[in-house]
Each structure stands twice: as structure tokens, then as C-alpha cells.
Amino acid sequence: MTGIDLSVNICGVEWKNPIATASGTYSYFESSRYYKPDRLGCITTKGVSINPWNGNPGPRIAETYGGMLNSIGLENPGIDAYLSPSGELRMLKKAGATVMANIAGHTVREYCEAAEKIASSEADMIELNISCPNVECGGLVFGRDPKAAGDLTKEVKRHCPGKPLVVKLSPNVTDITTVALSVQEAGADAVSMINTLLGMRIDTMAGKPVLAKGSGGLSGPAIHPVAVYMVYECAKILDIPIIAMGGVSKADDALEFFYAGAKAVAVGTAAIVDPEAPVKILAELEKKIIDRREGK
Amino acid sequence: MSGMREKYRIVENDWVAHGIFETVVSAPQIAEKARPGQFLNVYIPDGPMLLPRPFSVSDVRGSNISIIYKVKGGGTALLSELAEGCEVEALGPLGTGFFDYPGSLTDLGRDHFADRKVTVFLIGGGLGIPPLLYAARAIKAARHGRAQIVAFLGYPGDPWYTKQLLNHVDKVFSASDMPGRADISGTVIDAMDAKARGYLGDRETANAPALICGPEAMMSAAAQWCAGHGLKSRVSLEARLGCGYGVCRGCSRVFKSPEGGEGPYMDYSGTKRTVKKVCVHGPVFWGDEIIWKKP
Ligand SMILES: Cc1cc2nc3c(=O)[nH]c(=O)nc-3n(C[C@H](O)[C@H](O)[C@H](O)COP(=O)(O)OP(=O)(O)OC[C@H]3O[C@@H](n4cnc5c(N)ncnc54)[C@H](O)[C@@H]3O)c2cc1C
Ligand SMILES: Cc1cc2nc3c(=O)[nH]c(=O)nc-3n(C[C@H](O)[C@H](O)[C@H](O)COP(=O)(O)O)c2cc1C
Ligand code: FES
């Protein structure tokens, strides 16, 4: 511990530092074997839906140059398991973590029901995933259309008035700023960006896609410049804070996001590759900031 | 806290058979903890190849740990070319192994019949064979003379690694699809049909699960052979992994589960199902919980 104060306030919730986990790349029971969750500013949990989802058939993972594709398809045990006394949320709160609960749905109604349940839980904030490229209906259907995204945000906000609502944006759009503005107008308290980019790899021996589903979502260092640009463009026009993600694997990647206008940063794929990545990046960031202050 | 992702020094990097290599790293922290059937995440020292390559622990010798692998793509090719003295990063040991349940063959504290003599079948195919060696050594170490180990090994082509195995098991039957290359011409199942029955008369065999590791089609046939002969089995599954330690759900697979569990699975026959992660709940599972993929 270096003793410097890196705390940030994200729409009313105090984060002890600006580093979070990205949804789908953290699991309390497994990640806690490597670091305690209260060391980070916030833990974003895997997307949960009203009913359990099975996800897509395998293979669901493919490596790409400097990145990876996934087509998990939001496999999750359902919101009741998540909220149960032995569920992930209770465990995280017991461990002193700040928690952002990521929710998913197929329909407006499913999203609203999920938001309502989280609203009366211990979670500190809600992240609305309208950008998953891996589910047939829901997800991107909302994230791609500024009007649909705004309407959904407004509806969901009505069901969780007391909790900060963060809307997670998709990069798979012509102009991300129009979606960002639309959800801000509809009452989003913050946005997080970016979710994965649609992509595909083909096995040239078999002549067919590597992923069983065909396409998947691209993440990791390969997408970092795309994310930095999108954060930069959105920061120019938004009044609400931006939580940035996409390819952060070292402190300098996080700094790029801060200079682009983000208030906090989440680490995803880097944690798949090294369980300790979020805390390593945080330590490196603290050191960089101290070194700069001391003019090194 | 688990072992972290760390750098380890390569102490040996040897050719084993056509396209197959053994890499030995000095990794006291891993060697101390690794149990048979567990695996390591190995990170290829090449920036853009981000994802870990999972390899089963094929042996532990002192503070050294050995993996044996086939060169498949870019990652294994690069690994096989690293010189002794180079460093590679690894995370582990990971996963649930052959004996990671109470009262297993090596858990004599819980085994009320620790004194009995057991016969254990090892059934391996191709690259699934080396991890069985470490399992055999563990059984012998725990039970001393009170275990007879019989290995049935299937190869596409010439057998390899049988000599190393013979140091730790009592009998090896090899099978090859190339006539005249091995003890039996045909599959590992042909070898079991021909030779295993002789050992089944031994009543204690029934209490000792067979250990199975190899390609899925071979494992499916072997597990069904065992079930048909009243034998339980422990099977090491393979899957495309992302993280290898349980956070990404890249490796999930649906299993039979009498108690039910995670997920909405209920099939028409009323058998309950559940989702498990191959990387943490496995890679070794009970043969009778696996829903085999259609070839
Ligand atoms: C638990 C477990 C234990 C394993 N143990 C062994 C072993 O002891 N010996 C051995 O030879 N092989 C083993 N494998 C398979 C081994 O991991 C792959 O052959 C290896 O990752 C291929 O890497 P590559 O870079 O050469 O291939 P590429 O095709 O270039 O790899 C690209 C990506 O696909 C993944 N991948 C490719 N093939 C496989 C595969 N068959 N299974 C899982 N991931 C794959 C790689 O990890 C990488 O992320 C094991 C796999 C698992 C899941
Ligand atoms: C395996 C995997 C699972 C993911 N699951 C979710 C999810 O459930 N909900 C969500 O909003 N985003 C999910 N994401 C997207 C990430 O949270 C993140 O937005 C994206 O991966 C970009 O960041 P990165 O490059 O640091 O990984 C997932 C990403 C990966 C790689
Ligand atoms: S490989 Fe990531 S959960 Fe199993």
C-alpha cells in the first residue's frame, strides 16, 4: 500500500480507487484465491438474468492476434442464485467490496424485473448490458439503436430509482455518441464502454468458424485503441461519467483512458490471462502517479 | 492463496517421439502441490499469443515438473523450441485431479480397506498417456505393494512412452491401428476385450475406478466398457479453455447430476443436469456423470 488517495466518486458511489473488474472476467469463488475483492475500486459481476441461461455450445473461446473471441452467451445461474445467501453478491459484500451488478435480458420486461430485484439488494450499482453480441434476442438489439437504448434505459430506471444505473455501450454501431447521448437523456447515471467487437475466426483446416456459434466478441489489447477513441469522442459530449474498458493490460493503458476522459477503468481480458492483473495494474498505476508527482 | 502466474526456468526440453516433446521446468511451488490429473497454464513467451496453453502434469521429480505435449499450432511449436535455461510463465497447479475425492485410491486415511490389494486399470490414448504415469506413481507410493496396475494404451501408429510407464505399472498392453506395431492390432477397446477380462475376476477391481485419459471418442468407449463391466471410472476431459481457473465460463459443459445444481437442465427422462466448468470442477470427472458428445 502506498498511501496515496486514488478514490473516485462514480455517480454517488465511493470507489476506493478507479480500477474495477469487467463483467464476465471475475468470479468471487475463484478470483478470491488470488486477491481480496476489497482491494479494487469496484467488482463488476458476470451478467445475470431473471432465469438461468445455458449459454452457447463450445468451443466458446478462440485466440486472435493480441486478443480473444468469446461466445459464452451469458451463461449464468439466474438472479435468484446470485442474490441468495450463499450467492456471489452476499459473499462480495461480506468481503467489503463495492459491487456493480451486471444485468441482461431478452425483453424490456426481463431487464426491468432484473433491475427491480437488484434495486432491493445490497449491490451498490447496476450495469445494464445492452451490448452483448452473443445472445440471439436482447443485448445488441437494444444497444444498436439509439431510440431502443434510450427507451429501455428509461423503463429500467423507473424500476430501480434508488440505484445508480450504468449503461454499457456497444462499439458495434455507426456512431456510439448518438447512443451515449440517448441513454444520458433517458436517465443513465453513467456509461461503461466498450463491450466486445463482433468478430470471427475460421479454422482453415476444417473450412469453418472456430467458434461453434460462428461469431463472437473480440476483446483484449487488440481493441484498446478503438476503445480509447470511442471514450474520447463520448467524453466530449457527455455530462455523466464514463467507466472505460477494452484491452487494459498495464497501467499506461489505463492512463490513456483517463486522458481520453474516463473517470474509472475496468480490466477484463487481462484477468483471464493473469488472475492478479487488476491488482497488478492498480499497483503499477499508484507507482506511476507517485513517480510523476516526485518528478521522476 | 493459490500459486500465482510466475516465471519458471526450463531445465530440460526434449524430443520424445514424432512431433511430441517433454518440457521440464524447475517450479518448486507447483511441484509441491501438483496432484495427478491436474494441469498447468503455460503462457507462450510471444506477446500476441495471449491465452494460456493448458497441459496436464505428466510427472513431478523433486522440484521439477514435466509436461509432455504434441506440437499442434504456434504456441506448442514455440514452446518446443525454447532452450534450456529460458524462462516461461505458468500458473498452477489447476483443476480437480484423478484422486481428488474422499476415500480415493491414494487417500488411505479414509479408505477402510487400505490393506486390501487392488487392481487398477489405466486406459490411455495418445497424449493422454503421460498424465497416467504420474497417477500410477501416486498409487504405488500410497499403497506400496498393495496395488496392481494394468495399463491399456492406444496409439495411432507406433507406441511410445511404454518403457517409462513400465517402471511404474505392472503390465502394459499396447494397441495400434497399424498391424504389427503393438501388442494388439486395433483400438484400446480391442486390447481390453482381449486382455482385461482376466483381471476382472479379482473382486477388488470393482472398487478401484479405472483412470481414463485420451481423445473424447476413445474415452467415451472406454468409460462405457468399464460401466458395462461393473467398473467406475475417472475421466480427464479436454475443452477449449479461456482462463483455466474458473472465471470466464469458456469451458462449461452440461453434466448429469442426481442432485441437480446450477442451470435449468432437466431432460425428458427426468435425469437432472447441471453446468460444470471443465477447468475447476474437472478436468477429471466421474465417467457416469459425463454426457458424451456425438462424434
Ligand atoms: C486440461 C487440459 C490438459 C491438456 N493436456 C495436454 C497434454 O498433456 N499434452 C498435450 O499435448 N496437449 C494437452 N492439451 C491440449 C493443449 O492444450 C493444446 O494442444 C495446446 O493448447 C495447443 O496450443 P497451440 O498454440 O500449439 O495451438 P493453437 O491451435 O495455435 O492454439 C490456439 C488456441 O487454441 C487453444 N487450443 C488449441 N487446441 C486445443 C486443445 N486441443 N485443447 C484445448 N485448447 C486448445 C490453445 O490453448 C490456444 O488458446 C490439454 C488441454 C486441456 C484442456
Ligand atoms: C469471457 C468474457 C465474458 C464476458 N461477459 C460479459 C458479460 O457477462 N456482461 C457484459 O456486459 N460484458 C461481458 N464481457 C465484456 C467485458 O466486460 C468487456 O467489456 C470487454 O471484454 C472489453 O474489455 P477487455 O478488453 O478488458 O476484456 C465479457 C468479456 C469476456 C472476454
Ligand atoms: S476456462 Fe475459464 S472458466 Fe474454465
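**Cavities in the predicted model**

A search of the whole structure, which is a predicted model, turns up 3 cavities of 30 Å³ or more. The largest cavity has a volume of about 460 Å³, and its lining is made up of 33 residues. Among these 33 residues, the ones that lie nearest the centre of the cavity are Ser23(A), Thr25(A), Asn70(A), Asn195(A) and Thr196(A). If you look for the elements that give two or more residues to this lining, you will find β6 (67-70) and α10 (269-273) of chain A, and of the elements α10(A) gives the most, with 3 residues. When the residues lining the largest cavity are sorted by kind, they divide into 14 nonpolar, 17 polar and 2 charged.

We can now turn to the second largest cavity, which holds about 70 Å³ of space and is lined by residues of chain B, namely Thr23(B), Val25(B), Leu40(B), Val42(B), Ile65(B), Ile67(B), Leu79(B), Val88(B) and Ala90(B). Here the elements that give two or more residues to the lining are the strands β2 (20-26), β3 (39-43), β6 (64-70) and β7 (87-94) of chain B.

Technical notes
Residues numbered from 1 in each chain as written. Chains lettered and ligands numbered in written order. Predicted model: local features only at pLDDT ≥ 70, side-chain atom pairs only at ≥ 80, totals over all residues. Heavy atoms only, no water. 1 Å grid on protein atoms, 1.4 Å probe; cavity = no way out; pocket = protein on both sides within 12 Å on 5 of 7 lines; lining within 4 Å. Points joined across faces, edges and corners; volume = space filled by probe spheres on them. Helix = DSSP H or I, 4+ residues; strand = E, 2+ residues; numbered from the N terminus. Nonpolar A, V, L, I, M, F, W, Y, C, P; charged D, E, K, R; others polar.
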